[in-house]
Amino acid sequence: MTSQVESQGFAVETNNIFKSYGSVRALKGVSITAKAGEVTSIIGDNGAGKSTLIKIIAGVEKADEGTVEIFGEPVSFHSPEAAREAGIETVYQTLGLIEDLTIWQNLFLKRELMIGIPPFRILNKRVMRNEAVRMLSELDVHIPSVKARVRGLSGGQRQAVAISRAAGWSSQVVIMDEPTAALGVRETAKVEELIERLKARGLAVIVISHNFDQVLRLSEQIWVMRQGNVITGMRASDTSGDELVSLITGATQARA
Amino acid sequence: MGHIRGTVLQTPDVKDSGAASVAAPDTPSTLKRIGYSLKSPYFWANWTVLLALVVAVIVFWALSPDTFLSSYNISTILTAAAVPAILVIGQAFVVMTAGIDLSNAAIVTLSAVTFGAMFAAGQPLILCMALAIVAGVTAGVVNGVVIAQFKINDFIVTLGMLSLAQGVALVISNATPVQVISEPLATFALGKVGVFPYIMILAVVLLIIAQLVLTQTRFGTHVLATGGNTETARAMGVKTKAMKIAVYAISGGAAGIASIVLISRIGAAEPSMNTSLLLNSVAAVVLGGVSLFGGRGNIVGPFVGAILLTMIINGLIVAGVPQYYQFIAIGLIVMISAVLVRSAK
């Protein structure tokens, strides 16, 4: 389940990515990197291109130009499914879980474990439930029962389930789009704990966030985007919230 | 991100104990559990139809104590319920994907006249039956492809198919019924095991298969996922278009099988409109607790719903209530059941 931590090289590297939607140039040559065992944050104002960038890494969108490399291997995903198979999982802000299905069904959606001889194969529910309990417990997520439907869960519980799913599939890269945007203080703290655990397990975690305190707390690497460009990248230990704000708004020019 | 009031899913604040204790044993008393269940929308979705069935049986039994529960009458109800019960299996699958099939009754007609035309041409029975089903599945696939591929509203597409299938049926049959006199079909239509007619046994076998497919296969889960949230399901890699096409194909196939049962019962393939079958199938699905928003439900509920609706009509007839009141009764029952399960969404 744990991925190899490579001391050298990057888990994710994008090189000079361009993407346009009609006449709107969403990305104008974006290059970022993310290391295994680190949290990499992408920050920027609305419309800076953050979401477009992670959609390209996650296989939801295709870049017009430029390459994405995963552990040094150039990849080109036609679908989110292909990205998932390559070990890249995404936790979407809204497109997360199916409310009418149970927690274990959500955890195993499209990856159902089967039993029996083809074509008479049926769902191996017992094993999936047990595995679901294990997936959640591995991240120390507390949910009353994996047989509960997602509809009854709180926002934090849902996010925890979504993160457990992302982490549970021998994934190497977990991308999160504003993972705590809709959560209260307590739940935010829980989710941040989860992110720390993913990091500790050696995954490369890429987070989009608007919360600068959170970014500084959680991440090792920060990339600042503005108007489709990466303005600068820096280590979180070398910067401050004030500097991030001024970089995003353009008040400060990027450091060389 | 709504909380559901009074369900067992509400977790108290979880203290960070360090120890991983997921699925903490949560053991409220039985009484409390029943209390939770009564407030849970899922409870009403699942049990409305059975409660209604019990109430209806008691009421009609009281109205006609000598006749309603006679084995003859039970058998009559089950015979009459077979066609709507088979049809509703397909409708249930469609509604679970948040769709609706308004063309299923018209497809029954199309399949029936296809059968009739083959039969009149002297084709073997088995071929007539196979082609009736093929005609149904084909119409269903057309529905599904137009809906899924071109993203057209299911209501419009299947309304179009309603007219299309009916029209083709009239053309094929030249608006004339074909007598279908067949020894094996007649045996099939009239045979019984105890009070259970063969045709209802067939319906129950189809029900069991459908329920197993829904609950025990990957396909079933993906159908529910597609209905629950198509966008999310697609993002997770579920082939949502294929699921939509499949459920309309199932509905068409169910209509094809229903047409064979219908022909065996009346001894003819008629190009008549079966409007009440359509209304019945939609009503039974609602009664059976399948959310019209998709994503939730089972097949047993709608199946029981179809039997219940047939029983109500029968009960009113047996009790000597004038025929027109049947429509009023069915309409009221559907509305009340829809209100009862409404809170589920």
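Let's start with helix α5(B), residues 125-149, in this predicted model. With 25 residues at 1.5 Å a residue, α5(B) should span 36 Å, and its end C-alpha atoms sit 35 Å apart, so the two values agree. After α5(B) comes K151(B), which has a positive phi, near 50 degrees.

Stepping back to the whole chain, chain B has 14 helices and four strands. Of its 345 residues, 50% count as buried. Take the contacts in chain B between residues at least 6 apart in sequence: 80% of these join residues at least 24 apart.

Now for a pair of helices. How do α4(B) and α11(B) pack? Their axes are 8 Å apart and meet at an angle of about 55 degrees. That angle is why α4(B) counts as oblique to α11(B). As for handedness, the crossing of the two, α4(B) and α11(B), is right-handed.

Here is who touches whom in that pair:

| Helix | Residue range | Residues in the contact |
|---|---|---|
| α4(B) | residues 104-120 | N104(B), I107(B), V108(B), S111(B), A112(B), F115(B) |
| α11(B) | residues 240-266 | S251(B), G252(B), A255(B), G256(B), A258(B), S259(B), I260(B), L262(B), I263(B) |

What sort of residues make up the contact of α4(B) with α11(B)? They divide into nine nonpolar and six polar, with no charged ones. The spacing has a simple background: an α-helix has 3.6 residues a turn, so residues three or four places apart point the same way.

Conventions
Residues are numbered from 1 along each chain as its sequence is written. Chains are lettered from A and ligands numbered from 1 in the order in which they are written. This is a predicted model: local features need pLDDT of at least 70, side-chain atom pairs count only at pLDDT 80 or more; totals for chains, interfaces and linings use all residues. Axes are lines fitted to C-alpha atoms, for helices over the stretch in contact, and angles run from 0 to 180 degrees between N-to-C directions. Angles under 35 degrees count as roughly parallel, over 145 as roughly antiparallel, 65 to 115 as roughly perpendicular and the rest as oblique. A crossing is left-handed if the near helix is turned anticlockwise from the far one by less than a right angle, and right-handed if clockwise. Two residues are in contact if their C-beta atoms, placed from the backbone, lie within 7 Å. Ala, Val, Leu, Ile, Met, Phe, Trp, Tyr, Cys and Pro count as nonpolar, Asp, Glu, Lys and Arg as charged, and the others, Gly among them, as polar. A residue is buried if 20 or more other C-beta atoms lie within 10 Å of its own, exposed if 12 or fewer, and partly exposed in between; C-beta atoms are placed from the backbone. The expected span of a helix is 1.5 Å times one less than its number of residues.
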